[in-house]
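Here are a few remarks to read alongside the sequence and the structure. Please go through them in order, and keep the picture open as you read.

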Amino acid sequence: MALPKRKTSKARKRKRRTHWKLSAPNVIECKQCHQPKLPHRACPNCGYYKGRPVYIPKDYQ
């Protein structure tokens, strides 16, 4: 099994990990119920997608 020639220093490891970042999800407003939702997905609050009902959520009145 291959072994690394040198120990990876703390600074080198931390520099490499500076690019590990979370990105905020793109959230849009549902045109039917005006709740935030992910784009290109049915609204989890009202069940509408592109102005048409796709499913009926369990807790929707």
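1. Accessible area, as used in this note, is worked out by the Shrake-Rupley method with a 1.4 Å probe. On that basis, the protein in this predicted model exposes about 6,400 Å², and carbon and sulfur atoms supply 54% of that area.

2. What does the secondary structure of the protein come to? There is 1 helix, and there are 4 strands, and if you read along the sequence you will find them in the pattern α-β-β-β-β. The protein is more spread out than a compact globule, because its radius of gyration is 22 Å, whereas the globule rule gives 10 Å for 61 residues, a value that the protein is well over.

3. Among the contacts with a separation of 6 or more, 0% are accounted for by residues 24 or more positions apart.

4. How much of the protein counts as buried? Of its 61 residues, 13% do. Cys46, which is placed in the loop between strand 2 (36–37) and strand 3 (48–49), counts as buried because its relative accessibility is 3%, and the cut-off for that word is under 20%.

5. Finally, Cys46 may be compared in position with Leu22: these two residues are 24 residues apart in sequence, and their C-alpha atoms are 28 Å apart in space.

Terms used:
Residues are numbered from 1 along each chain as its sequence is written. This is a predicted model: local features need pLDDT of at least 70, side-chain atom pairs count only at pLDDT 80 or more; totals for chains, interfaces and linings use all residues. Side-chain values use heavy atoms; hydrogens and water are left out. Helices (H or I, at least four residues) and strands (E, at least two) are DSSP runs, numbered from the N terminus. The radius of gyration is taken over C-alpha atoms; the globule rule is 2.2 Å times the number of residues to the power 0.38. Buried means under 20% relative accessible area, exposed over 50%, partly exposed in between (1.4 Å probe, protein chains only). Contact means heavy atoms within 4.5 Å.
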